[in-house]
Amino acid sequence: MESRRSLEQANKKLLQDQRTLKKELKSCTKENGGLRGRLHYLESELESNKKILEENLKQVEILKHDQSEAEKSLRQQIICLESQLEAEKKSEASKDKAVSEVQQQASEPKTNDEETKERLRETNKKLLQDQRTL
């Protein structure tokens with residue numbers, strides 16, 4: 001009789017354990033479904049972020065190219081401006097020289113008006129040529 005009672009108790013215990021395990025299994029299955037949904041969401045976010053990253057990398061390459069082109073253009077502009085500055089300096093020096101010559105001629109005694117007029121014409125021609133080059 002005791003063995004029967006102990007078997008019944010063991011059977012009750014097993015049934016109780018079985019119910020508990022079923023509840024735990026149901027809970028785990030539910031949790032697993034939630035985790036699968038979360039995993040699916042994270043995978044789609046990862047794919048979306050990969051696409052955004054690829055697009056950003058393309059934009060970076062375009063910007064690098066644009067920057068390189070802009071730098072080339074600026075270097076060319078600098079060279080052009082430097083050569084213009086040199087031309088202006090030369091023109092200014094030429095003007096200063098011409099003014100000096102005119103002042104010198106003006107201070108010289110007027111011996112021959114024709115010579116003076118000719119020198120002034122030549123100086124004016126030089127000045128006009130210098131102005132046109134600017």
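Visitor: In which helix does Lys126 lie?

Guide: This is a predicted model: local features need pLDDT of at least 70, side-chain atom pairs count only at pLDDT 80 or more, and totals for chains, interfaces and linings use all residues. Residues are numbered from 1 along each chain as its sequence is written, and side-chain values use heavy atoms, without hydrogens and water. Helices (H or I, at least four residues) and strands (E, at least two) are DSSP runs, numbered from the N terminus. Lys126 lies in helix α2.

Visitor: Is Lys126 buried, exposed or partly exposed?

Guide: Buried means under 20% relative accessible area, exposed over 50%, and partly exposed in between (1.4 Å probe, protein chains only). Lys126 has 44% relative accessibility, so the class is partly exposed.

Visitor: How far apart in space are Lys126 and Ala98, C-alpha to C-alpha?

Guide: Start with the sequence: Lys126 and Ala98 are 28 residues apart there. In space, their C-alpha atoms are separated by 8.0 Å.

Visitor: Which residues does Thr123 touch, not counting those up to four places away in sequence?

Guide: Thr123 also lies in helix α2, residues 113-133. Its relative accessibility is 4%, so Thr123 counts as buried. Contact means heavy atoms within 4.5 Å. By that rule, Thr123 touches Ala98, Glu101 and Val102.

Visitor: Which residue's backbone oxygen lies 2.9 Å from a polar atom of the side chain of Thr123?

Guide: Look at the side chain of Thr123. The backbone oxygen 2.9 Å from its polar atom belongs to Arg119.

Visitor: How far apart are the C-alpha atoms of Glu69 and Gln84?

Guide: Glu69 has its place in helix α1, residues 2-107. Its relative accessible area is 37%, so Glu69 is partly exposed. Gln84 is 15 residues from Glu69 along the chain. Their C-alpha separation is 23 Å.

Visitor: What is the radius of gyration of the protein chain?

Guide: The protein chain has 2 helices and 0 strands. Its C-alpha atoms fill a box of roughly 160 × 20 × 10 Å along the principal axes. The radius is taken over C-alpha atoms, and the globule rule is 2.2 Å times the number of residues to the power 0.38. A compact globule of 134 residues would be near 14 Å, but the protein chain has 49 Å.

Visitor: What share of the residues is buried?

Guide: Count over the 134 residues of the protein chain. Buried residues make up 4%.

Technical notes: A polar contact is a pair of N or O atoms within 3.5 Å; within protein, one must be able to donate a hydrogen and the other to accept it, and residues adjacent in sequence count only if both atoms are side-chain atoms.
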